[in-house]
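This short report describes a surface patch, a salt bridge and a helix packing, in that order.

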Amino acid sequence: MRNVIVLQHIQSPYNMDNHLKRLKLSVVPPLLLIFTMTAIEFLKQTLSLDSTVLALHPRQTDGIAGIVTHVMLHSSWRHLAVNSLPLLCLGWCIFYFYKDWAYAILGTTWVLTGILTFIIGRDAWHLGASGLIYGLFSFTFFSGVVNGTKPMIGASLLAVFLYGGMVWGITPYFVKGDVSWEGHLSGFISGMVATLLFHGKSSFAKEAKPQYDDAADEALYEEWVASLNPRPADADKKGENDSKEDAEAKES
């Protein structure tokens, strides 16, 4: 096939207006989640409710509901404040790069973190969003490495730069005794599992990998050549008739 460069206007998937709109919309879901957590903490503090209400208690029937609800509960305003910023940043990454699958990824990481903590956690009440944060961090890092597109690798490196130090929190040797390292480890594992489950689902990765069709390119080339050398239909017929006459003359 001949090498032909065709110049034409193509609407980029990274159109700046769409890009900015997507950036703004991606921050809304994690903001709403943080707002809900804040409202719950306000009610808990105002009504003097026990912090262990609906928290997770491993291997105990009264703590099963906490598999889902423990993420929304915090022991204090300081606990909530510490979790809010990383939850906002990492949640934004998930909703930006995986806009069509973000809720599925968030839900999978959320529930799986609770289930694993319920299985491996020590005999105590576990609450807070840190396990989910570890899950989102793990997913952001590993999905960026696996997908291999430059923007997602950039997000992966940014996550490591901002929150890479969290990795020490998945062992009992670098955290305080009242910190659930089991929840952190469960979240980290959940993020890895979610990476496998949702591999290749990023709309950003799909946009960054255009598909090429050789047959379509060949047809485009032929059409381009024909446009440079237009031949009337009657000229083609005349050529065919001349060819037939020449052939008959040779036979005679």
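## Nonpolar surface patch

F42, L43, L47, L49 and W77 make a nonpolar surface patch of about 530 Å², where a patch joins nonpolar side chains (Val, Leu, Ile, Met, Phe, Trp, Tyr) within 5 Å, taken from residues with over 30% relative accessible area and no salt bridge; the areas come from the Shrake-Rupley method with a 1.4 Å probe. Of these residues, F42 has its place in helix α2 (residues 28-46), helices being DSSP runs (H or I) of at least four residues, numbered from the N terminus.

The model is a predicted one, in which local features need pLDDT of at least 70 and side-chain atom pairs count only at pLDDT 80 or more, while totals for chains, interfaces and linings use all residues. Residues are numbered from 1 along each chain as its sequence is written, and side-chain values use heavy atoms, with hydrogens and water left out.

## Salt bridges

Two salt bridges are counted, each being a side-chain nitrogen of Lys or Arg within 4 Å of a carboxyl oxygen of Asp or Glu. K44 forms one with E41, their closest N and O atoms lying 3.3 Å apart, and both residues belong to helix α2, three residues apart, or about one turn of the helix.

## Packing of α4 and α6

Helix α4 (residues 77-97) packs against helix α6 (residues 130-147) at an angle of about 35 degrees, with the axes 9 Å apart; axes are lines fitted to C-alpha atoms over the stretch in contact, and angles run from 0 to 180 degrees between N-to-C directions.

Definitions and conventions. Helices (H or I, at least four residues) and strands (E, at least two) are DSSP runs, numbered from the N terminus. Patches are made of residues with over 30% relative accessible area and no salt bridge: like charges are joined within 9 Å, nonpolar side chains (Val, Leu, Ile, Met, Phe, Trp, Tyr) within 5 Å.
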